[in-house]
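Me: I would like to go through this structure term by term, setting each value against the definition behind it.

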Amino acid sequence: MVMNPNKAQDVWKDIGEHVQFTVLELNRQNQELEQQVIQDFADRYQAILRSLRIRDADGDLKSAFGFSSDAWDYLFPNAPKPKELEPYQTISGPKYSMPATKGDLFFHIRAKDEAVVYEASNQFRRFLKDITTVVDETKGFRYFEGRAIIGFIDGTEAPSVEDAADFAIIGDEDPQFENGSYAFAQKWKHNMDFWSQLTTEAQEKAVGREKFGDLELDDDQKAVNAHNVTSKAEVEGEEQKIVRMNVPYSDPAQDNTGTYFIGYSRYWSVTKLMMTNMVNKNDFLLTFSEILSGQLFFIPSRPLLDQIADGQFNN
């Protein structure tokens with residue numbers, strides 16, 4: 001096999017105009033039934049996407065669907081497992097932590113049109129509702145100029161599209177799961193009143209970049225715990241990258257505004273190192289944020305979904 005981005009699900013840097021993240025928990029009441037439903041859904045899932053892309057040709061529908069480690073063990077107990085798929089454990093530092101929360105199945109849906117996002121989610125739910133419970137559903141949106149909700153350009157550190165495959169999808173180091181990806185999902189709630197009271201200069205020091213021009217600050221201009229300092233991951237002196245998206249969400253009536261972070265990577269160990277660095281170095285973003293959820297998922301390639309649909313992982 002050869003790494004082929006065309007065989008991967010939609011794990012690229014493309015935030016979309018309308019975004020929805022859904023995390024489901026398996027009921028674990030009838031294992032054989034739940035295995036069969038997932039097997040059937042693996043086939044239906046891709047058919048639903050194909051149909052909706054015909055129905056809304058300009059909608060630019062993209063979707064990623066995956067499994068947590070616990071879900072994989074439950075659904076495919078006798079099957080091989082992706083090398084780096086493990087139960088996510090809370091990452092703790094001197095002052096802050098990134099909690100692990102429950103979740104078995106994960107969907108990341110985005111499109112130009114909210115209607116097609118709704119329809120995809122609704123059709124997925126029709127097939128899964130009898131065997132799952134909704135843990136969380138978060139609707140995100142594209143903020144002005146593609147900025148994060150805190151006002152800074154998002155994705156500056158992410159690899160460009162032409163380079164993204166090497167960072168986002170698994171290669172021949174794990175041949176059976178090639179063209180899959182590891183997705184780490186986190187929901188952050190921000191104290192926007194605190195953030196808004198900071199001067200632009202203070203915000204720039206905290207992030208490590210100019211707010212409007214997006215130029216990186218010199219090292220001596222950054223706070224020691226600036227976000228673009230603490231979130232870097234190096235292995236043997238070489239900086240590692242992932243495909244990351246910071247999706248704004250907000251429910252003003254509930255005073256709940258924040259960022260849904262999704263990072264797709266070839267190696268979970270790289271994303272894990274980034275998160276560990278952030279808590280160990282007291283990333284400034286953690287000083288005014290509460291992390292509401294966190295879980296790791298494996299996003300199978302489309303051919304692997306076909307194998308699941310054919311029952312090859314249920315033996």
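Reply: Buried means under 20% relative accessible area, exposed over 50%, and partly exposed in between, with a 1.4 Å probe and protein chains only. This is a predicted model, in which local features need pLDDT of at least 70, side-chain atom pairs count only at pLDDT 80 or more, and totals for chains, interfaces and linings use all residues. Residues are numbered from 1 along each chain as its sequence is written, and side-chain values use heavy atoms, with hydrogens and water left out.

Me: Which residues of H3 are called buried?

Reply: Those of H3 are Val-116, Val-117, Ala-120, Ser-121, Gln-123, Phe-124 and Leu-128.

Me: What makes them line one face of the helix?

Reply: Viewed down the axis of H3, the buried residues fall within an arc of 165° (taken from the directions from the helix axis to the C-beta atoms), so they line one face. They pack against strands E1 (18-26), E2 (62-67), E5 (105-111) and E6 (132-141) and against helix H1 (31-55), a contact being heavy atoms within 4.5 Å.

Me: What share of the protein chain counts as buried?

Reply: Of its 315 residues, 53% count as buried, and residues 24 or more positions apart account for 79% of the contacts with a separation of 6 or more.

Methods. Helix = DSSP H or I, 4+ residues; strand = E, 2+ residues; numbered from the N terminus.
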